[in-house]
Amino acid sequence: MKVRISNAKVVFREFFTIEKLRLSWQQFDGSMTGDHTRYVVRRGDSVGILCVCGERSAGGMERSAGGVEQSVEGGERPAAAERVVLVKQFRCPAAREGHDGYLWEIPAGMVHEGEDPGECARRELEEETGLAARRLTHLTSFFLSPGAMDEKMHLFRAEVTGGSLPARVGGNPEESENLLVRLFRMPVLLRMIKEGVIADAKTIAAVLLDQALGPGGAQG
């Protein structure tokens, strides 16, 4: 399929870039459209990390530091399932009628120029939660909002083992990040998605894809 760009002009450049294009594209009957104007938000690639915490005990159960999930949403009890790290942060565009702008999300961030997405995922996970991935597996890559943005997100599953639990508040101070960090069991996450408590697209995609793939379904 063909795309012909006759003119491209940057009309805004700050945290991201907006480009104004005049272009035509091939239709499915083989003909080309006439020239149209489109605006594209240029953000580059990003990563999202579904971080799973816990160690398998000899009996096949999950355990956290001390054997009790002391900071897991849903109460204190011996760990019996994998726990997923989410961060809660303020998102200005989400502060609209019916929502206060605070979203539960998987850790995420933008890929720096020349940076490998996997290395970016490890960096962002440590910056936002203080955790280091023992194993990092690529789940999928997709366009977040192709009607307006060129941003492509790379989703990863990170496995973390050991005695340390996430900090209660994380984030990169240099980027004015202030993130509430919590652990959730997967059944709780699924209920939060169904009830609309989790309203972030990348988080919903990561959780549901991980469930659909099942144990061993993601390939490193």
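These are my notebook entries on what I looked up in this structure, which is a predicted model.

**Overall make-up**

Of its 220 residues, 39% count as buried. I then looked at the contacts between residues at least 6 apart in sequence, and noted that 52% of these join residues at least 24 apart.

**Helix α1**

At the start of the helix I found a side-chain oxygen of Asp-116 within 2.9 Å of the backbone nitrogen of Gly-118, while just after the helix Gly-130 takes a positive phi of about 80°.

Which residues of α1 are buried? I listed Gly-118, Cys-120, Ala-121, Arg-123, Glu-124, Leu-125, Glu-128 and Thr-129. As a reminder to myself, an α-helix has 3.6 residues a turn, so residues three or four places apart point the same way.

**Glu-124, within α1**

I picked Glu-124, which lies in helix α1, and saw that its relative accessibility is 4%, which is why Glu-124 counts as buried, the limit being under 20%. Leaving aside neighbours within four places in sequence, I found Glu-124 in contact with Val-47, Ile-49, Ala-108, Gly-109 and Met-110. I also compared Glu-124 with Val-111, and these two are 13 residues apart in sequence and 9.3 Å apart in space, C-alpha to C-alpha.

Glu-115 sits in the loop between β10 (108-110) and α1. What does its side chain reach? I found a polar atom of that side chain 2.9 Å from the backbone nitrogen of His-112, and a polar contact of 2.9 Å that joins the side chains of Glu-115 and Arg-123. Beyond the neighbours within four places in sequence, Glu-115 is in contact with Met-110, Cys-120 and Arg-123; of these, Cys-120 and Arg-123 are among the buried residues of α1. Glu-115 and Asp-45 are 70 residues apart in sequence, and I noted that their C-alpha atoms are 10.0 Å apart in space.

**Helices α2 and α3**

I then took up helix α2 (residues 186-194) and helix α3 (residues 201-213), whose axes come within 11 Å and cross at roughly 130°. That angle makes α2 oblique to α3. The contact is made by Met-186, Leu-189, Leu-190 and Ile-193 on the α2 side, and by Ile-204, Val-207, Leu-208, Asp-210 and Gln-211 on the α3 side. I recorded the crossing of α2 past α3 as left-handed.

**Gln-89, in a strand**

Gln-89 lies in strand β8, residues 83-96. Is Gln-89 buried or exposed? With a relative accessibility of 10%, Gln-89 counts as buried. I found a polar contact of 3.4 Å between the side chains of Gln-89 and Glu-105. Neighbours within four places aside, Gln-89 is in contact with Gly-101, Tyr-102, Leu-103, Glu-105, Asn-178 and Leu-179.

**Gly-34, in a loop**

My last entry is on Gly-34, which lies in the loop between β2 (17-25) and β3 (36-42). Its relative accessible area is 44%, and I therefore put Gly-34 down as partly exposed. Not counting residues up to four places away in sequence, Gly-34 touches Leu-23 and Ser-24. Gly-34 and Leu-23 are eleven residues apart in sequence and 8.0 Å apart in space, C-alpha to C-alpha.

Note on methods. Residues are numbered from 1 along each chain as its sequence is written. Side-chain values use heavy atoms; hydrogens and water are left out. Buried means under 20% relative accessible area, exposed over 50%, partly exposed in between (1.4 Å probe, protein chains only). Helices (H or I, at least four residues) and strands (E, at least two) are DSSP runs, numbered from the N terminus. A polar contact is a pair of N or O atoms within 3.5 Å; within protein, one must be able to donate a hydrogen and the other to accept it, and residues adjacent in sequence count only if both atoms are side-chain atoms. Axes are lines fitted to C-alpha atoms, for helices over the stretch in contact, and angles run from 0 to 180 degrees between N-to-C directions. Angles under 35 degrees count as roughly parallel, over 145 as roughly antiparallel, 65 to 115 as roughly perpendicular and the rest as oblique. A crossing is left-handed if the near helix is turned anticlockwise from the far one by less than a right angle, and right-handed if clockwise. Contact means heavy atoms within 4.5 Å.
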